[in-house]
Amino acid sequence: MTDQVKKFIRVDHAGEYGAERIYAGQLAVLGRTRHAETLRHMKDQEEVHLKTFSQLITERRVRPTVLLPLWNIAGFALGAVTAAMGPRAAMACTVAVEETIDEHYRAQEEALELDETEIPLRDTIAKFRAEELEHRDIGLANEAEKTFGYRILTRIIKTGCKAAIKISEQI
Ligand SMILES: [Fe+2]
Ligand SMILES: [Fe+2]
């Protein structure tokens with residue numbers, strides 16, 4: 001396994017961990033609204049993604065990022081704060097996060113393209129990426145773009161996600 005693949009597994013594990021926390025934070029605020037079922041559906045899928053990368057972390061002896069406690073708090077806070085701004089802002093958060101993950105996974109798929117030993121990993125990433133795009137579409141279908149300050153809000157969240165990705169790859 002290359003160092004690059006180790007890095008991929010570490011950062012993807014961190015990302016899926018954070019994603020699960022975001023939806024948990026949104027559910028803490030919106031769990032008794034008509035959006036609860038949609039949020040639970042996305043959270044359930046993130047749990048599967050997380051479980052898969054947790055297994056890979058163990059099987060391949062990859063050190064997880066030391067920042068999991070931070071992503072626990074930051075993810076939950078991001079979810080809860082956007083949800084407190086209203087369901088549309090929660091959905092805008094989803095669009096921003098999932099678009100960032102789409103790009104991130106797409107780059108990994110490209111990087112793994114010529115590595116025949118990592119076909120299963122690439123397939124896993126491709127499958128998860130399709131589900132992240134489904135989440136983005138759910139956000140768009142639920143009026144994310146009608147959020148007050150949609151552009152600035154999504155830009156801030158994307159910048160934060162990209163920083164979290166960079167940091168989690170390294171430490
Ligand atoms: Fe995910
Ligand atoms: Fe997702």
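Visitor: Is Arg-60 buried, partly exposed or exposed?

Guide: Buried means under 20% relative accessible area, exposed over 50%, and partly exposed in between (1.4 Å probe, protein chains only). Arg-60 has a relative accessible area of 24%, so Arg-60 is partly exposed. Please note that this is a predicted model, in which local features need pLDDT of at least 70 and side-chain atom pairs count only at pLDDT 80 or more, while totals for chains, interfaces and linings use all residues. Residues are numbered from 1 along each chain as its sequence is written, chains are lettered from A and ligands numbered from 1 in the order in which they are written, and side-chain values use heavy atoms, with hydrogens and water left out.

Visitor: With which residue does Glu-118 form a salt bridge?

Guide: A salt bridge is a side-chain nitrogen of Lys or Arg within 4 Å of a carboxyl oxygen of Asp or Glu. Glu-118 forms one with Arg-60, and the closest N and O atoms are 2.9 Å apart. Glu-118 lies in the loop between helix 4 and helix 5 and Arg-60 in the loop between helix 2 and helix 3, so this pair ties together parts that are 58 residues apart in sequence. For these assignments, helices (H or I, at least four residues) and strands (E, at least two) are DSSP runs, numbered from the N terminus. In contrast to the partly exposed Arg-60, Glu-118 counts as buried, at 5% relative accessibility.

Visitor: How many salt bridges does a search of the whole structure find?

Guide: The search finds twelve salt bridges. Among them is the one between Glu-20 and Lys-43, with the closest N and O atoms 3.1 Å apart. Glu-20 lies in helix 1 and Lys-43 in helix 2, so the pair ties together parts that are 23 residues apart in sequence. Both Glu-20 and Lys-43 are buried.

Visitor: How many residues apart in helix 4 are Asp-102 and Arg-106?

Guide: They are four residues apart, which means a separation of about one helical turn. Their side chains meet in a salt bridge (3.0 Å, N to O). Asp-102 is buried at 8% relative accessibility, whereas Arg-106, at 39%, is partly exposed. Elsewhere, salt bridges that share partners join Glu-20, Arg-21, Lys-43 and Glu-47 into one network.

Visitor: Which residues coordinate the iron ion (ligand 1)?

Guide: Donors are N, O and S atoms within 2.8 Å of the metal (3.2 Å for Na, K and Ca); water is not among the atoms, so sites may look incomplete. The iron ion (ligand 1) is coordinated by Glu-16 (OE), Glu-16 (OE), Glu-46 (OE), His-49 (ND1) and Glu-132 (OE), at 2.0 to 2.8 Å. Glu-16 lies in helix 1 (residues 3-30) and Glu-46 in helix 2, so this pair ties together parts that are 30 residues apart in sequence. Glu-16 is buried, with a relative accessible area of 1%, and Glu-46 is buried, with 0%.

Visitor: Which are the protein donors of the iron ion (ligand 2)?

Guide: The donors are Glu-46 (OE), Glu-98 (OE), Glu-98 (OE), Glu-132 (OE) and His-135 (ND1), lying 1.9 to 2.6 Å from the ion. Of these, Glu-98 in helix 4 (residues 87-112) and His-135 in helix 5 (residues 119-141) link distant parts of the chain, 37 residues apart. Glu-98 and His-135 are buried. The iron ion (ligand 2) is 3.7 Å from the iron ion (ligand 1), and Glu-46 coordinates both.

Visitor: How many aromatic pairs does a search of the whole structure find?

Guide: Rings of Phe, Tyr and Trp (its six-membered ring) pair if their centres lie within 6.5 Å; planes under 30 degrees apart count as stacked, over 60 as edge-to-face and the rest as tilted. The search finds one such pair. The rings of Phe-53 and Phe-128 have centres 5.9 Å apart and planes at 70°, so the pair is edge-to-face. Phe-53 lies in helix 2 (residues 36-59) and Phe-128 in helix 5, so the pair ties together parts that are 75 residues apart in sequence. Phe-53 is buried at 0% relative accessibility, and Phe-128 is buried at 3%.
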